[in-house]
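Q: I have a structure open and would like to go through it with you. Can we take it piece by piece?

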Amino acid sequence: MTKNVTIIVNGVDRRASVEPRLLLVHFLRENAGLTGTHVGCETSLCGACTVLLDGQAVKSCTVLAVQADGRKITTVEGLATGDQLHPIQEGFWEEHGLQCGFCTPGMIMCSHDLLERHPNPSDSDIREGINGNLCRCTGYQHIVAAVKNAARKMSTPVAARAGAR
Amino acid sequence: MATPAKSPVPRKKMNDKAGNGAWVGKRMKRKEDPRMIRGISHYTDDLKLAGMVHCAFARSPHAHAEIQAIRTDAAKALPRVIAVYTSADTTSLGPVPCAIQMPDLKIPRHPVLAEGRVRYVGEPVAVVVAEDFYTARDAAELVEVDYEPLPVVTDLEKALSKDSPLVHEQFKSNQAFTHQLKNGDVEAAFKKADRIVKQRMMNQRLAPIAMEPRAVVAEYLPGENRLTVWSSTQIPHLLKTQISLLVGLPETAVRVIAPEVGGGFGSKLNVYGEEGVVPWLAMKTGRPVKWNEGRRENFMATIHGRDALNDVELALKKDGTILGLRARVLADMGAYHQLLTPLIPQLTALMHAGCYKIPAIQIDIVGVFTNKMSTDAYRGAGRPEATFNVERIMELGAREMGMDPAEFRRKNFPLPKEFPYTTVTGLTYDSAKYQESLAKALKLSGYDSLRRRQKDGWKKGKYYGIGVSTYVEICAIGPSAATPAGGWESGTVRIEPTGKVTVLTGASPHGQGEETTFAQLVADQLGVDPQDVNVVHGDTLAVPYGIGTFGSRATAVGGTAIYMATQKLRTKLTTLAAHLLGSKPADISIGRGQLTAKGGKKIPFGELVLAAYTARNIPPGFEPALEATHFFEPSNFTFPFGCHVCSVEVDIETGEIKIEKYVAVDDCGNVINPLLVAGQIQGGIAQGLGQALWEEVIYNEDGQLVTGTLMDYAVPKAHFFPDFTLEHTVTPSPVNPMGVKGVGEAGTIASTPCIVNAVCDALSPLGVRHIEMPLKPERVWNAIQAARAVPAIAAAADVPPKKAAVRRRA
C-alpha cells in the first residue's frame, strides 16, 4: 500500500508514491535526492535531521512523509540564494561553528527557528534554544558565537550588510 | 623507547622569508565549510550508486549464549530480499584484526559473524541484503535464532575470580594479558615515605558517539578486479590493507575512500567486521551494497572507551616531595579485541609520570575479558585515564599534606631548564614550561579570590569548589618503534602546470580542518594563496600510503611531511629560477607570486612553474615537473601540556553542580590557525566534562546494555556549559621543524580531573574525599549523606579543608 504525496521542498513540488511509514527524512534524502538533512539517531534526540515544516523547526526523523503532504519544507539546501549564503550560514563559517559538519545543517535550521522567535537572543537563550541538537565536536561555544553573529547580521538591513562587505 | 628529542632537519622560524608567513598563525576561515553549511558535502550515507542495494545485520540480544539454530527462511521469503547470510557462509572471511603483539596476550578468534556462540549484546549473527533499506531492516528482524543463554560476566573483578563464567573457555581464565611498567626503586620509595596517599578510582565506560554513525558502501567490478569501499573511517590506508586480508583480494585490487567523515574520536580508528562483510556482499551479489549503522547499533557495536578500575598510591615526603607512585589497573577489554584494544591501557601506564618529577613508578595492568562490546581508542585513549589517576591522587596528596593543590603541583614540576626531560617511565618530554601555564591559569581564574570566597562560603553554608589540573599528554603519535602500524606520515605537494597546488596527505581529517591548516602552511612555503591550494585526503588510489588521523598526529606528523615536501619544491623552484635568471639558487628568494634574484631580477611564479613543465630550458640533471613526496618519521612524540582551573558551586541539598568558571591555558607549541585550535580545545573540554559529570555506558548483570539510546546516555547539550575562557602559552617543540605539538585531545585529558577535583574540594569540609564518575546529582548527594553519617566529620562541616583533612584522618 502506498500513498501519493506532494511535498514542496525548497520551493519545488516533489511528488512521490510512498509507504505510509516512510519518514520525512528518508523522503528528503531518497525521493528528493537531498543530502543535507542527516540521520543521526532516528529517535528525534540528536537533531541532525532538523528541517522547517511550514517555517517551524521539526525533526524530520519523527515526521512521516504523509504528514508533510501538501506542506512546505525548507532544508539547509534551501537557505542560500545562489552564491549568497544565508546570514546563519555565514555566522557558522565566520565563527568556526562546525568541525565535522554532521550536526551543522540541523543546528542551522534549529537556529533559524530560534532567531525567528528571538531576533536578539542572549547566550543563554541560544544555549537553551539549541538544546535539542547535539554536537560532539565543538563544545557548542563557537555555535553560540555563530548564532549571535547571525543575529547581528539579520538585524541589519541587507543593503547595509552588502555595503559593509 | 623514545629517542632524544632532536629534529632531523634544522628548525626555521615559520614566518621567515620576505613576503611569506602571511597565513600561518592567522584565524583563517575554513576551506571545508562552504560545502558543509550548504548541506552539499557527501558523507558515506549520502552516496548512491547505480543498482545499489542495502544490508542490515541481525544482532544478538544475549550477552552470552550458545547459538543452537538459525532459521533464515522467513527473512528470505520477504519480497525484495536478495540474500541472507550467516557465519556458515562467511568462513573464508576475516577474522576481525587486532594489531597488538605482546608476549602473553590472548587473542581470541573474532569472527565477522558469530560462530556458534555470542559473547556480547549486539554481536552480529546474520546479514540481510535487500533492494531497499526498510526491507533490509524488516528482514533482519525475521531472522530466527535459537539461543541457549550462558552465564554472563560484566564485572571486572568478578571476571578474575576463580568461579567466574569464561568469555573464552580455551584461555581457562578471563585474563587477556598482564603488563608491568616498573622503574626506580619503588619499594624503597614507599618504605621511606612519610605519608602514603591511596585511592581507588573507576574510570567508567564511555560511548564515543560521533554524530555520524558508521557507514560503509562497497562496489566490486569483476572485470577490472576492482573493489572500492567507501567507509566512515579515520584510517583509509590501514583499512585498505586489512580489507584485502579480510576478503582475500590482493591489496592492489582494493581502493578505500573516506569521504566526508562526521566525527570519529577514535571510534573510527578501527577495522570492524562490517567493513569486511559489506565488501564481501558486493562481491557475492554483484551489486553495490550500502550499510549504515543506526544509533542503537552504534551504542551496541561500535567500540567503547575507558572502563578501567584503578588503585593508585602516592608516596610523599613530609615537605610534599613525591617519592613514588604505584597503580594497579584492571582494564576491561570487552569480549573481543578490536584493532588496538590491548594497547590503550599501556598508554595509560606510560603517562603516569604526569608533569611531575617522580623517581619511582610501578604500574601493573591486567586486561580482562567481559561480556561487553570491545573497548578501544576514545579521544585521549589511555592518557585521560592516566591523567585522571595522577591529578586526582595529586589533589588528595595536597589535601593530606595540608598544602594548596596548586603549590603542591608547582613544587613537583621539573624546571624548564631540565628539558628535554626523561621520565622514569622512559619517555622524553620535548619541551615545557609547566610553571608558566599554571601561573597564567591561576591568575586568569582569580584563584586567590576564589579561595577567599570559598572560605566565606563555607561559613554561610555555600559550597564552592576550585579544581586544578596540570597535564601533559603524549601526541604526534609517533615514532614507528612505538606504534603497531608505523608512526610516520606521507605528504605529497604538486604544483600543477597552471600554478595551482595539490596536496596529498596520508592523514585523514574528519572535522579537524586540515584542508585549511595544510593550505595555510603550504601557501607560506610556496608564496601562493591558500585558496589556490587543494588538500586531498582519504582516497587510497590518489594519496600515497599513509597512516591516518588519531593521537593528535595529523599536523605534527602529517603536516611536517607536507612541510618537508615543500622544502624539496623550494629547492627545485630556486634552482630553476637561478638557471633562468642567471643567478645562484642561494640568491633566490621566494615571495608572494614571484621569485627574485639578488640584484632584483624577477620571474613570476606561474611562468617559472610552466617552465618546469615545458622543460625546454632546464638545467642539466633537473627533473621536470614540480612534485615532491616526503614520508616523515618523527624522532619522538610531542608533549603538549597546560593547566585548567574551574570553579563550581555544589548544592548540598540536591547534589547539583553548577560550573561557574572554566579557564584553560594550553600549550600546543606553534599554532597554525588559532581559531581551529580554540575549537579543538573547547570541544575537548566538553567531552571531558561529559565523562566527569554525565556520561556512562551501563551494562546490567545480565550484560544488557541499559544505556543504548541518546535518551539514556547523556551526551552533553549546549545549556550544560558556561563559556570556557581560553588562553595559551607557546613552547615550540624541537621534534619537528614547524615546532607544532598537536591539540586534538588536550581538552579531554585535562578537564575530567579538573572538575572532579573542584567538586570534591567544595565538599571537603563535609568529609567527602572522592566521588566516582559521572558525578550525577544522585551520586553527589549520596556521597554527602555517607560522609555526614560519620559523626566526627559532620562536626567538621564549617572548618577549612586543612583541618577537615586532619580530622578525617583521625
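**Two helices in chain B, and what surrounds them**

A: Start with a helix pair: α10(B) and helix α11 (residues 405-412) of chain B pack with their axes 9 Å apart, at an angle of about 110°. Keep in mind that this is a predicted model.

Q: How are α10(B) and α11(B) oriented to each other, then?

A: They are roughly perpendicular, because angles from 65 to 115 degrees count as that.

Q: Which residues make the contact?

A: From α10(B) there are M394(B), E395(B), G397(B), A398(B) and M401(B), and from α11(B) there are P405(B), F408(B) and R409(B). By class, the residues of this contact are 5 nonpolar, 1 polar and 2 charged.

Q: How many residues does α10 of chain B have, and how far does it reach?

A: Helix α10 covers residues 383-401 of chain B, which makes 19 residues. From its first C-alpha to its last it reaches 26 Å, close to the 27 Å expected at 1.5 Å a residue.

Q: How many residues of α10(B) are buried?

A: 19 of its 19 residues are buried, and the helix is described as mostly covered.

Q: What comes just after α10(B)?

A: G402(B), which takes a positive phi of about 70°.

Q: New topic. How do chains A and B touch?

A: On one side are 42 residues of chain B, in contact with 43 residues of chain A. On the chain B side, α1 (33-37) and α17 each supply at least two residues.

Q: Which element gives the largest share of that side of chain B?

A: α17(B), with 7 residues. By class, the side of chain B that touches chain A has 18 nonpolar, 14 polar and 10 charged residues.

Q: What span should α17 of chain B have, and what does it have?

A: Helix α17 runs over residues 674-693 of chain B, and at 1.5 Å a residue its 20 residues should span 28 Å. Its end C-alpha atoms are 28 Å apart, so the two values agree.

Q: And how many of the residues of α17(B) are buried?

A: 18 of its 20 residues are buried, and α17(B) is mostly covered.

Q: What are the spans of chain B along its principal axes?

A: The C-alpha trace of chain B spans about 90 × 75 × 50 Å. Of its 810 residues, 59% count as buried. Among contacts in chain B with a separation of 6 or more, 80% are between residues 24 or more positions apart.

Q: Now chain A. What is its pattern along the sequence?

A: Chain A contains 6 helices and 5 strands. Read along the sequence, the pattern is β-β-α-β-β-β-α-α-α-α-α.

Q: Is A353(B) buried or exposed?

A: A353(B) counts as buried because it has 25 C-beta neighbours inside 10 Å, and the cut-off is 20 or more.

Q: What is A353(B) in contact with?

A: Leaving aside neighbours within four places in sequence, A353(B) is in contact with I358(B), I361(B), T423(B), V424(B) and T425(B). V424(B) is 71 residues away along the chain, yet the C-alpha atoms of A353(B) and V424(B) are separated by 7.3 Å.

Q: Last one. Where is S508(B) found?

A: S508(B) is in the loop between β20 (501-505) and α14 (514-526) of chain B. With 31 C-beta neighbours inside 10 Å, S508(B) counts as buried. Beyond its neighbours within four places in sequence, the contacts of S508(B) include Q234(B), A258(B), H537(B) and T549(B).

Notes. Residues numbered from 1 in each chain as written. Chains lettered and ligands numbered in written order. Predicted model: local features only at pLDDT ≥ 70, side-chain atom pairs only at ≥ 80, totals over all residues. Helix = DSSP H or I, 4+ residues; strand = E, 2+ residues; numbered from the N terminus. Expected span 1.5 Å × (residues − 1). Buried ≥ 20, exposed ≤ 12 C-beta atoms within 10 Å, placed from the backbone. Contact = placed C-beta atoms within 7 Å. Nonpolar A, V, L, I, M, F, W, Y, C, P; charged D, E, K, R; others polar. Axes fitted to C-alpha atoms, helices over the stretch in contact; angles between N-to-C directions. Parallel < 35°, antiparallel > 145°, perpendicular 65-115°, else oblique.
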